[in-house]
Structures are given as C-alpha cells and as structure tokens.
Amino acid sequence: MIDRIDRRILAILQEDCTVPVAEIGRRVGLSTTPCWRRIQKLEEDGVITRRVALLDPKKVNTKVTAFVAVTTSQHTDDWLRKFADVISEFPEVVEFYRMAGQVDYLLRVSVPDIDAYDAFYKRLIAKIDIGDVSTTFAMEQIKYTTELPLSYVPAEKPKANA
C-alpha cells in the first residue's frame, strides 16, 4: 500500500531522482534511514522501476519526432513476438504500443532528420512485413513529462483500532 509519505517521496523522485535521501526525508518529515527504507521498498515492489537521466533531444541530435502508425493483417502471437524483437533492435524507437482501434501499433521514433527517418523506415520494412504504415512528424513539442499523476494512487485505508 502506498501511503501519503510514499506518494510525496515518489513526487520528489519523479521531479529529480538526484535529490539526496536526507533531503527527501527532510521534505517528507522522516529521518534518512526510514526514508531510504521506503525508497528501497518502493523499488523492491516495482513501483520505482528505474532512475534515469533525461536528455535534451536537440543536444543529442535527435530533434525530429515521428509517430509511426502500423496496421497489419497479422494478429498471431508469433508475429507480435517477431515484430517486438525487430523493434527492440532499433534504438530510434523510444516508445512502442499495441493499440485498440484502427491502428494496431504505434511507435514514437526519434531521429536527427527526415533522411534518417527514411533510412530507419527502409531498415524496418526490410526486416518484417508490416502492412500499412502511416507516419506523422511532430512540428513542436508543447508538453512533455515523464512524471505520472499520483492522484490516482488509492488512498490508504484508516487502520482499525486494536
């Protein structure tokens, strides 16, 4: 169960995972050791899955974002497994989703320019038959966050008097 203190710890870590444990503890009203134990428990429970550095796409020359919608007539587990294996070979694919609706799969691809996208596309279709592909390019990123909303975490239940 994630309580209000855990929620506050998660909010701090989502904003900046380099904040020292002592500082996190100070902000949430805990000493360092209990705060560290809570963070360890959140990691053990799989709530915190990784701690990463977020990079500026322009500074690492991946300023073009393409959204690739894939529609296929292949709907077997074997084909999906093969497709997922192929996609895992492409570092340009930074997000990969199986969708409901008219599009079967959606990829977010980060590349330096349109020529690099074209090269990516040609390598992709050489590896697997994917049916219909439609690509749209982002003109401007208006909102981007990796922070998940924590307001949906179920509220802790009051403890019964013993």
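This section describes helix packing, strand pairing and salt bridges in a predicted model.

On the α1 side, the contact is made by I5, D6, I9, L10 and L13, which meet C35, R38, I39 and L42 of α3. By residue class, this contact between α1 and α3 comprises seven nonpolar residues, two charged residues and no polar ones.

Residues D6 and R38 of this contact are also joined by a salt bridge, with an N to O distance of 2.8 Å between their side chains. Since D6 lies in helix α1 and R38 in helix α3, the pair ties together parts of the chain that are 32 residues apart in sequence.

D3 counts as buried, because its relative accessibility of 16% falls under the 20% limit.

The structure holds eleven salt bridges. In general, side chains of opposite charge can pair when their charged atoms come close. Another of the salt bridges is formed by D78 with R81, the closest N and O atoms again lying 2.9 Å apart. Both D78 and R81 belong to helix α4 (residues 77–88), where they are separated by three residues, about one turn of the helix. D78 counts as exposed, with a relative accessibility of 57%, and R81 is partly exposed, with a relative accessible area of 48%. Elsewhere, salt bridges with shared partners join D3, D6 and R38 into one network.

Strand pairing was considered next, with strand β1 (residues 64–71) as the point of reference. Six of the eight residues of β1 are buried, so this strand is largely enclosed by the rest of the structure. β1 pairs with strand β3 (residues 105–111) in the antiparallel sense over seven bridges. With strand β4 (residues 132–137), β1 pairs in the antiparallel sense over six bridges. A69 illustrates both pairings: the bridge partner of A69 in β3 is L106, and the bridge partner of A69 in β4 is S134.

Finally, the position of A119 was considered. A119 is located in helix α5 (residues 114–127). With a relative accessible area of 34%, A119 is partly exposed, as this value lies between the 20% limit for buried residues and the 50% limit for exposed ones. A119 and V68 are 51 residues apart in sequence, and their C-alpha atoms are 14 Å apart in space.

Terms used
Residues numbered from 1 in each chain as written. Predicted model: local features only at pLDDT ≥ 70, side-chain atom pairs only at ≥ 80, totals over all residues. Heavy atoms only, no water. Helix = DSSP H or I, 4+ residues; strand = E, 2+ residues; numbered from the N terminus. Buried < 20%, exposed > 50% of the residue type's maximum accessible area, 1.4 Å probe, protein only. Contact = heavy atoms within 4.5 Å. Nonpolar A, V, L, I, M, F, W, Y, C, P; charged D, E, K, R; others polar. Pairing = 2+ DSSP bridges. Salt bridge = Lys/Arg side-chain N within 4 Å of Asp/Glu carboxyl O.
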